[in-house]
Amino acid sequence: MNLEKVIFGFFVVLAATLNFGFFIGDLGDPRLHNQYELFAAVVVNLIATVLKFGDRTQIGAVQLATSLVASLQLIAATVVLAYATNVPESGLNHEMTASVVSLSGGALLANIVSVVLLVVETVSFRRR
């Protein structure tokens, strides 16, 4: 068992599940989307991105690209959420919540691709 692969797989799957937990629920209802879960998804995604920097394989490069996409979309969702909760007098409304959840949905798709690539890499691994 390779401890590095275990840690990498742990953070990839944790990032996907945290992102899914934030994404699930009515698109415009701010009560169903916890801002702390979004923050945790951003942090775990950034950790998973950093862990992918050392992989020099082709599939590692694609995993890094999907992780960068997920991180950028989650950061954009966080910026929109911070703006919506602090700047307008109306606060977080349905339209802003829908924007935040949509951005996290794009990140969720990138995370799912990353998990699929992880499974493909694991299945194609041959013992030396």
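The buried residues of α2 pack against α1, α3 and α4, where buried means under 20% relative accessible area, exposed means over 50% and partly exposed lies in between, with a 1.4 Å probe and protein chains only. The model is a predicted one, in which local features need pLDDT of at least 70 and side-chain atom pairs count only at pLDDT 80 or more, while totals for chains, interfaces and linings use all residues. Residues are numbered from 1 along each chain as its sequence is written, and side-chain values use heavy atoms, with hydrogens and water left out.

The protein has four helices and zero strands, and from the N terminus on its elements run α-α-α-α; helices (H or I, at least four residues) and strands (E, at least two) are DSSP runs, numbered from the N terminus. Taken along the principal axes, the C-alpha atoms fill a box of roughly 60 × 25 × 20 Å. Of the 128 residues, 36% count as buried. Among contacts between residues at least 6 apart in sequence, 70% join residues at least 24 apart, a contact being heavy atoms within 4.5 Å.

The predictor's confidence in each residue is given as pLDDT, from 0 to 100. Its mean over the protein is 90, and 98% of the residues reach 70 or more. Where pLDDT is low, the predicted coordinates should not be read in detail.

The helices can now be taken in turn. Helix α1 has 21 residues and reaches 30 Å from its first C-alpha to its last, close to the 30 Å expected at 1.5 Å a residue; the expected span of a helix is 1.5 Å times one less than its number of residues. The buried residues of α1 are Phe8, Gly9, Phe11, Val12, Ala15, Ala16, Leu18, Asn19 and Phe22, and they pack against α2, α3 (58-86) and α4.

In α2, the end C-alpha atoms are 25 Å apart, which agrees with the 24 Å that its 17 residues should span at 1.5 Å a residue. Its buried residues are Leu38, Ala41, Val42, Val44, Asn45, Ala48 and Thr49.

Ser71, found in helix α3, counts as buried because its relative accessibility is 5%. Leaving aside neighbours within four places in sequence, Ser71 is in contact with Asn45, Leu46 and Thr49.

Helix α4 holds Asn111, a residue that is buried, with a relative accessible area of 4%. Not counting residues up to four places away in sequence, Asn111 touches Ala15, Ala16, Asn19, Asn45 and Ala70.

What remains is the space that the atoms leave open. Rolling a probe the size of a water molecule over the atoms shows where empty space is left. On a 1 Å grid over the protein atoms alone, a cavity is a set of points where a 1.4 Å probe fits but cannot get out, whereas a pocket is an open set with protein on both sides within 12 Å along at least five of seven lines, and lining residues have an atom within 4 Å of a point. Grid points are joined across faces, edges and corners, and a volume is the space filled by probe spheres set on the points.

By this rule the count comes to one cavity of 30 Å³ or more, and the largest cavity has a volume of about 30 Å³. The elements that give two or more residues to its lining are α1 (3-23), α2 (35-51) and α4 (94-124), and α1 gives the most, with three residues. The lining consists of Phe11, Val12, Ala15, Asn45, Ala48, Lys52, Ser67, Asn111 and Ser114.

The second largest pocket has a volume of about 190 Å³ and is lined by Asn2, Glu4, Lys5, Ile7, Phe8, Leu51, Lys52, Gly54 and Asp55. Here too α1 gives the most to the lining, with four residues.
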